[in-house]
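This report describes one protein chain from its fold down to single residues. Please look over the sequence and the structure before reading on.

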Amino acid sequence: MHPADCEHLPAAGALRGSVIVLHGYGASGAVHAGDGRAFAEHGVEVLLPDAPGHGCRNDGRLAKLAQLHDGRRRAAILDIARQWIPEVRMLAAERRARGARRVVVVGTSMGGFAALGALRA
């Protein structure tokens with residue numbers, strides 16, 4: 001499954017840019033759909049991908065992580081964010097190839113970690 005298959009809000013009118021919004025641990029991209037609509041109404045497409053193991057990509061790992069002690073759980077959450085980084089870079093490259101003049105990546109909590117990681121070359 002492509003990471004952007006779950007939630008995509010197309011730009012109304014001409015594509016001015018793209019925003020990729022990354023959710024936190026235990027959530028899904030859909031939690032940010034309400035925020036994304038305002039961007040889409042102004043010519044900015046919004047991608048709300050689900051992190052590995054989250055939302056429509058649920059593979060049961062979150063239930064397993066919930067059983068871990070704090071330190072191991074934090075390490076596992078960081079591993080998910082690290083797995084997400086190349087996918088986020090790919091999504092950004094695809095947006096540029098489609099004509100987005102600007103691509104912005106923002107995230108909360110685990111998604112913020114992945115957004116910062118995606119900035120590194």
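## Basis of the model

The model is predicted, so local features are given only at pLDDT of at least 70 and side-chain atom pairs only at pLDDT 80 or more, while totals for chains, interfaces and linings use all residues. Residues are numbered from 1 along each chain as its sequence is written, and side-chain values use heavy atoms, with hydrogens and water left out.

## Fold and dimensions

The protein chain has four helices and four strands, in the sequence order β-β-α-β-α-α-β-α. Helices (H or I, at least four residues) and strands (E, at least two) are DSSP runs, numbered from the N terminus.

The radius of gyration of the protein chain is 14 Å, which agrees with the value near 14 Å for a compact globule of 121 residues. This radius is taken over C-alpha atoms, and the globule rule is 2.2 Å times the number of residues to the power 0.38. The C-alpha trace spans about 50 × 30 × 25 Å along its principal axes.

## Contacts, surface and charge

Of the contacts in the protein chain with a separation of 6 or more, 80% join residues 24 or more positions apart; contact means heavy atoms within 4.5 Å. Buried residues make up 41% of the 121 residues. Buried means under 20% relative accessible area, exposed over 50%, and partly exposed in between (1.4 Å probe, protein chains only).

The accessible surface comes to about 6,600 Å², and carbon and sulfur atoms hold 54% of this area. Accessible areas come from the Shrake-Rupley method with a 1.4 Å probe; for residues, only the protein chains shown count as cover.

## Nonpolar cores

A nonpolar core is a set of buried Ala, Val, Leu, Ile, Met, Phe, Trp, Tyr and Cys residues joined through side-chain atoms within 4.5 Å. The largest one has 18 residues, and I20, L22, W84, M110 and A114 touch the most other members. Strand 2 (17-22), helix 3 (70-97) and helix 4 (110-119) each supply at least two residues of this core. Helix 3 gives the largest share, nine residues.

Another core lies apart from the largest one and has eight residues, including L9, V21, V46 and L48.

## Helix 4

Seven of the ten residues of helix 4 are buried, so the helix is mostly covered. The buried residues are M110, G111, G112, A114, A115, G117 and A118. Their cover includes strand 2, helix 3 and strand 4 (102-107).

A114 touches L22, A81, W84 and I85, leaving aside residues up to four places away in sequence.

S109 sits in the loop between strand 4 and helix 4. Its phi is near 55°, a positive value in a residue other than glycine. Most residues other than glycine have a negative phi. S109 counts as exposed because its relative accessibility is 63%.

S28 is in the loop between strand 2 and helix 1 (33-40). With 17% relative accessibility, S28 counts as buried. Beyond residues up to four places away in sequence, S28 touches H23, D50 and G55.

R95 belongs to helix 3 and is buried, with a relative accessible area of 7%. Not counting residues up to four places away in sequence, R95 touches H8, S18, E45, L47, A100 and V103.
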